[in-house]
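Please read the following points alongside the model.

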Amino acid sequence: MAILEDIQNCVLDGELDEIKDLVQKAVDEGIDPTTIINDGLIGGMNIVAPLFKSGEMFVPEVMESADTMNEGMQVVKPLITDADMPTKGKVIIGTVNGDLHDIGKNLVVLMMESRGYTVVDMGVDVKEEQFVAGIKEHKPDIVGMSSLLTTTMMKIDDTVKLINESGLRDQVKIIIGGAPISQEFADDIGADGYSEDASTAVELCDRMMA
Ligand code: B1M
């Protein structure tokens, strides 16, 4: 359908002023809201993701696309019940204890939300016990931890250990990322996955939820 392609392009180009009218037009044409979300709005972000990964799009442009997608979502969200809201899985995510860097983590959140995940963003400086409490409260499929400092990366290890001690480890997959993090570190501390950027973080989640 041409209108869905127009919505995809609108998201891709970050046309914030135009998206609401376009999505409303699709609603008026009788297109199912879930189709508008999946094939139009998320469809647009599915084009953005590989362009970001290959370096053809940059952080500010990806944020504009995500803002545009969220703006469009405001039109269709009231039309569907929460139960109908497409979700690939639930993720809780935060920057670990002592670390205030959140630009990369926020980008991971944006990409996950725009590609169909329900995300609980716990913010920055998230203590080990807050992650454990978050698992108990939100019952996520996946726990994500971000660290940008060599001094805080061991807090990921501490958090994984506390999740183990709390008997919750078999209920969640754990993924980690951030500038000082590597696959080797992830393997050493017993995380389930590592990704170097926001796009591959979503691909990692997709593989875990498959
Ligand atoms: Co800070 N800082 N900083 N800083 N800062 C770095 C990280 C640093 C490398 C700069 C440097 O010295 N060259 C250095 C760390 C050195 C080290 O540990 N080896 C550093 C330092 C030392 C510090 C302070 C200690 C400085 C001081 O006060 N003396 C201090 C610490 C504060 C604290 O956290 N307690 C500090 C403070 C700050 C600011 C507050 C000023 C600001 C943060 C603002 C904010 O985030 N709201 C800041 C910034 C901006 C940076 C740099 C310049 C940029 C980080 C960034 O946002 N990158 C950074 C230098 C650099 O990286 N060039 C630096 C862009 C972002 C899109 O990339 O965060 O890597 P990134 O995220 C990527 C991937 O890593 C990945 O996907 C993202 C998107 O593709 N990813 C994940 C991230 N999390 C993931 C989670 C996943 C999967 C993928 O799954 C869960």
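**Notes on helix packing and the ligand shell**

1. Helix 2 (residues 19-28) and helix 4 (residues 59-76) have axes that come within 8 Å and cross at roughly 40 degrees. Axes are lines fitted to C-alpha atoms, for helices over the stretch in contact, with angles running from 0 to 180 degrees between N-to-C directions. Helices (H or I, at least four residues) and strands (E, at least two) are DSSP runs, numbered from the N terminus. Helix 2 and helix 4 are therefore oblique to each other; angles under 35 degrees count as roughly parallel, over 145 as roughly antiparallel, 65 to 115 as roughly perpendicular and the rest as oblique.

2. This is a predicted model, in which local features need pLDDT of at least 70 and side-chain atom pairs count only at pLDDT 80 or more, while totals for chains, interfaces and linings use all residues. Residues are numbered from 1 along each chain as its sequence is written, and side-chain values use heavy atoms, with hydrogens and water left out.

3. On the helix 2 side the contact (heavy atoms within 4.5 Å) is made by Ile 19, Lys 20, Val 23, Gln 24 and Val 27, and on the helix 4 side by Thr 68, Glu 71, Gly 72, Gln 74, Val 75 and Val 76. By class, there are five nonpolar, four polar and two charged residues in this contact. Ala, Val, Leu, Ile, Met, Phe, Trp, Tyr, Cys and Pro count as nonpolar, Asp, Glu, Lys and Arg as charged, and the others, Gly among them, as polar.

4. Helix 1 (residues 2-13) packs on helix 3 (residues 33-53) at an angle of about 40 degrees, the axes being 8 Å apart. That makes helix 1 oblique to helix 3. Helix 1 passes helix 3 in a right-handed crossing.

5. Of the 26 residues around the ligand (a heavy atom within 4 Å), Leu 100, His 101, Asp 102, Ser 146 and Thr 150 come nearest. The shell divides into 13 nonpolar, nine polar and four charged residues. Its largest share, four residues, comes from helix 5.

6. A ligand oxygen lies 3.4 Å from a backbone N or O atom of Ile 103, and a ligand oxygen is 3.3 Å from a polar backbone atom of Ala 198.

How values were computed
Left-handed = near helix turned anticlockwise from the far one by under 90°. Polar contact = N/O pair within 3.5 Å; in protein donor to acceptor, adjacent residues only side chain to side chain.
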